[in-house]
Amino acid sequence: FDVINQARVELNYWLSSACDADLLSFCFLHSLGVPWDQCRIMLESLSASLVSSELEPNWELSTSRSPVRKRLRADAMNCFRMRLRLSPSEVYDILKVNKRMSYYTEYKLTSCMDHLQAKMFLSSQDLKTLVNKCPTILGYTTEKLDKQLEFFSNEVN
């Protein structure tokens, strides 16, 4: 158990809100002789594809007034993380703001992100910044997004 606690201390930034299996995988790597520095390098470069988000919401999410699924959709969460290159803790922070996102399907998330990128000519990094600043935008339908964008473009012109 000392190795597990040490891994939590050493790798907390990358493995916060991650699945326990990921933590145990890095404990195993360390027991094979891989130093924590190399584990951090792997996590820094591959965190979006190497680590999976915890699929069971913790007490902070599940005791809120907004509805949250008992178990998050793995396909939607993994697609969302991979698309925006988010860490599990960043996904968790977005879920704290937009709890309804736990009900969104992979199709809903990708169609909304595709539409935002196409209409606003956003790079992947710009889309990530937008979603981090305003996670509720992912709940909009494409029609509502079009209306909002048209409204803002008319107000600016």
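**View 1. The loop residue Phe-121.** Phe-121 sits in the loop between H7 and H8. The model is predicted. Phe-121 is not a glycine, yet its phi is positive, at about 55 degrees. The relative accessible area of Phe-121 is 74%, over the 50% cut-off, and the residue is therefore exposed.

**View 2. Gln-117 and its surroundings.** Gln-117 belongs to helix H7, which spans residues 106-120. With a relative accessible area of 17%, which is under 20%, Gln-117 counts as buried. Its side chain makes a polar contact with the side chain of Arg-83, at 2.6 Å. When neighbours within four places in sequence are left aside, Gln-117 is in contact with Arg-83, Leu-122, Ser-123, Ser-124 and Leu-127.

**View 3. Packing of helices H5 and H6.** Two packed helices are described by the angle between their axes and the distance between the axes. Helix H5 (residues 74-84) packs against helix H6 (residues 88-97) at an angle of about 115 degrees, and the two axes lie 10 Å apart. H5 and H6 are therefore roughly perpendicular to each other. The contact involves Met-77, Phe-80 and Arg-81 from H5, together with Pro-88, Val-91, Ile-94 and Leu-95 from H6. The crossing in which H5 passes H6 is right-handed.

**View 4. Arg-85 in the loop between H5 and H6.** Arg-85 is found in the loop that lies between H5 and H6. This residue is not a glycine, but its phi is positive, at about 55 degrees. Arg-85 is partly exposed, its relative accessible area being 48%.

**View 5. The whole chain and its confidence.** The protein has nine helices and zero strands, and along the sequence the pattern reads α-α-α-α-α-α-α-α-α. Of the 157 residues in the protein, 35% are buried. Among contacts between residues at least 6 apart in sequence, 67% join residues at least 24 apart. The average pLDDT of the protein is 78, and 79% of the residues score at least 70. Where pLDDT is low, the predicted coordinates should not be read in detail.

Technical notes: Residues are numbered from 1 along each chain as its sequence is written. This is a predicted model: local features need pLDDT of at least 70, side-chain atom pairs count only at pLDDT 80 or more; totals for chains, interfaces and linings use all residues. Side-chain values use heavy atoms; hydrogens and water are left out. pLDDT is the predictor's confidence in each residue, from 0 to 100. Helices (H or I, at least four residues) and strands (E, at least two) are DSSP runs, numbered from the N terminus. Buried means under 20% relative accessible area, exposed over 50%, partly exposed in between (1.4 Å probe, protein chains only). A polar contact is a pair of N or O atoms within 3.5 Å; within protein, one must be able to donate a hydrogen and the other to accept it, and residues adjacent in sequence count only if both atoms are side-chain atoms. Contact means heavy atoms within 4.5 Å. Axes are lines fitted to C-alpha atoms, for helices over the stretch in contact, and angles run from 0 to 180 degrees between N-to-C directions. Angles under 35 degrees count as roughly parallel, over 145 as roughly antiparallel, 65 to 115 as roughly perpendicular and the rest as oblique. A crossing is left-handed if the near helix is turned anticlockwise from the far one by less than a right angle, and right-handed if clockwise.
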